[in-house]
Amino acid sequence: MKSFQLIKGRVIDFEGSRKTGIQQASFIDFEDFEVIKHGEFLPSDGKFFDWLIENNLDVDIDYWVAHNANVERNLIKEHAPYRPSLGMGRRELSWGPWIDTLKIYRMLYPDLGDYNLQSLGEKFLLVNDIEKVAQSLCLRTMKSYHQSMFDCVVTFLLIKRLKNSVNLNLFLG
């Protein structure tokens with residue numbers, strides 16, 4: 001079956017709030033829906049802004065993926081409200097375009113009723129598939145919902161399951 005996808009993407013998830021600050025952040029970079037890089041941030045790593053910038057330098061991705069992408073997009077804008085001038089021939093940092101698994105699943109499955117990440121994971125993914133990927137990527141955070149890397153894993157698998165049946169380009173925003 002034909003794949004409709006853009007080739008390179010980044011799944012991202014943050015845990016925290018404006019009040020508490022970013023407590024966890026994780027990303028999974030993929031090409032042709034194979035994981036090529038991943039990273040996790042915890043407060044002991046230093047400043048979130050520094051981690052965010054460092055892990056976005058020289059990154060060549062076509063789109064960002066998140067579940068309820070407005071939350072992640074707004075947190076990035078709050079912590080990095082401008083795109084730093086990188087100079088020295090480096091390209092400008094980009095915070096998008098975005099693909100939102102919440103919007104996709106609401107559109108594809110309008111009668112589900114519950115679209116939170118855990119509900120979608122339980123409905124559409126096999127526990128063994130989640131555990132297999134989580135085992136190799138959740139190195140610093142727990143393997144459970146509301147942990148940034150675990151949420152990235154589930155979001156990645158939700159978008160991957162659509163790769164041959166849905167033109168994800170239609171959901172870029």
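Here are a few questions and answers on those two topics.

Author: A note before we start: this is a predicted model, where local features need pLDDT of at least 70, side-chain atom pairs count only at pLDDT 80 or more, and totals for chains, interfaces and linings use all residues. Residues are numbered from 1 along each chain as its sequence is written, and side-chain values use heavy atoms, with hydrogens and water left out.

Reader: Thanks! How many disulfides does the structure hold?

Author: A disulfide is a pair of cysteine sulfur atoms within 2.5 Å. For cysteine 138, the closest cysteine sulfur belongs to cysteine 152 and is 8.7 Å away, too far for a bond. The number of disulfides in the structure is therefore zero.

Reader: Is cysteine 152 buried or exposed?

Author: Buried means under 20% relative accessible area, exposed over 50%, and partly exposed in between (1.4 Å probe, protein chains only). The relative accessible area of cysteine 152 is 0%, so the residue is buried.

Reader: What kind of pair do the rings of tyrosine 145 and phenylalanine 150 make?

Author: Rings of Phe, Tyr and Trp (its six-membered ring) pair if their centres lie within 6.5 Å; planes under 30 degrees apart count as stacked, over 60 as edge-to-face and the rest as tilted. Here the centres are 5.0 Å apart and the planes meet at 85°, so the pair of tyrosine 145 and phenylalanine 150 is edge-to-face.

Reader: And over which ring does the charged end of arginine 10 sit at 4.0 Å from the centre?

Author: A charge sits over a ring if NZ of Lys or CZ of Arg is within 6 Å of the ring centre and within 35 degrees of the ring normal. Arginine 10 has its charged end over the ring of tryptophan 64, 5.8 Å from the centre. At 4.0 Å, the ring is that of phenylalanine 27.
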